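Subject: Structure handover

Hello,

Here is the structure we talked about. Please open it alongside these notes.

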Amino acid sequence: MKRSLIIRQATEADLNSILLFEFRNRRWFSQFLPKHVLRKQTENYFKYLLNGRFKNLQYLVVLPSGELIGRFSGQVLDAKQRTMEVSYRVANEFTNRGIAKVRIEALVDVMGQLWDYRSVCTGGGS
């Protein structure tokens with residue numbers, strides 16, 4: 001299955017899919033994320049991520065059918081030191097299949113090269 005997954009940059013056209021993904025997995029994500037983090041994830045929040053300065057740091061993992069099963073996001077930790085973090089979320093029914101591990105390794109390479117960062121680390125995921 002890992003080979004048939006598609007990883008691509010998110011765009012504003014993905015907004016509804018992202019909102020649905022977050023809604024469907026809210027209970028699962030709430031085991032790993034503070035409530036205040038989940039509450040701030042509104043339509044406006046995701047629009048900001050998809051259109052803001054770091055819009056190139058938002059990636060999705062989708063099935064060939066188009067179903068969104070994971071979301072990865074880069075955050076600049078220190079622009080001067082050129083370090084960033086990649087955090088991720090995978091839908092509950094797709095956990096423990098190696099999806100996050102395989103995809104995060106690829107994303108760390110892509111983001112490090114794209115942004116010419118010296119250090120890219122992974123943050124917590126769910």
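**What covers helix 1**

The cover over the buried residues of helix 1 includes helix 2, helix 4, strand 2, strand 3 and strand 4. Keep in mind that this is a predicted model.

Which residues of helix 1 are buried? They are Leu 15, Ile 18, Phe 21 and Glu 22. These four sit on the same side of helix 1, because their arc around the axis is only 130°. The other side of helix 1 has exposed residues: Asn 16, Phe 23 and Arg 24. As background, an α-helix has 3.6 residues a turn, so residues three or four places apart point the same way.

**The core**

The largest nonpolar core has 25 residues. Ile 18, Ile 69 and Phe 94 touch the most other members. Several elements give two or more residues to this core: helix 1 (15-24), helix 2 (26-29), helix 4 (43-51), strand 2 (58-62), strand 3 (68-78), strand 4 (83-90) and helix 5 (99-114). Strand 2 gives the most, with 4 residues.

Take Ile 69 in detail. Leaving out residues up to four places away in sequence, Ile 69 touches Leu 5, Phe 21, Val 61, Val 62, Leu 63, Arg 89, Val 90, Ala 91, Phe 94 and Ile 99.

Arg 71 lies in strand 3. Is Arg 71 buried or exposed? Arg 71 counts as buried, because its relative accessibility is 8%. The Arg 71 side chain makes a polar contact with the side chain of Glu 22, at 2.8 Å. Glu 22 is itself one of the buried residues of helix 1. Arg 71 also touches residues that include Ile 18, Phe 21, Phe 46, Leu 49, Tyr 59 and Tyr 88.

Phe 72 is found in strand 3 too. Phe 72 has 0% relative accessibility and therefore counts as buried. Phe 72 and Arg 8 are 64 residues apart in sequence, yet their C-alpha atoms are 9.9 Å apart in space.

**The whole chain**

The protein chain has 5 helices and 5 strands. Along the sequence, the pattern reads β-α-α-α-α-β-β-β-α-β. The chain has 126 residues, and 40% of them count as buried. Among contacts between residues at least 6 apart in sequence, 67% join residues at least 24 apart. The chain exposes about 7,600 Å². Carbon and sulfur atoms supply 49% of that area.

Best wishes

Definitions and conventions
Residues numbered from 1 in each chain as written. Predicted model: local features only at pLDDT ≥ 70, side-chain atom pairs only at ≥ 80, totals over all residues. Heavy atoms only, no water. Core = buried A, V, L, I, M, F, W, Y, C linked by side-chain atoms within 4.5 Å. Buried < 20%, exposed > 50% of the residue type's maximum accessible area, 1.4 Å probe, protein only. Contact = heavy atoms within 4.5 Å. Arc of directions from axis to C-beta. Polar contact = N/O pair within 3.5 Å; in protein donor to acceptor, adjacent residues only side chain to side chain. Areas by Shrake-Rupley, 256 points an atom, 1.4 Å probe, with all protein chains shown as cover.
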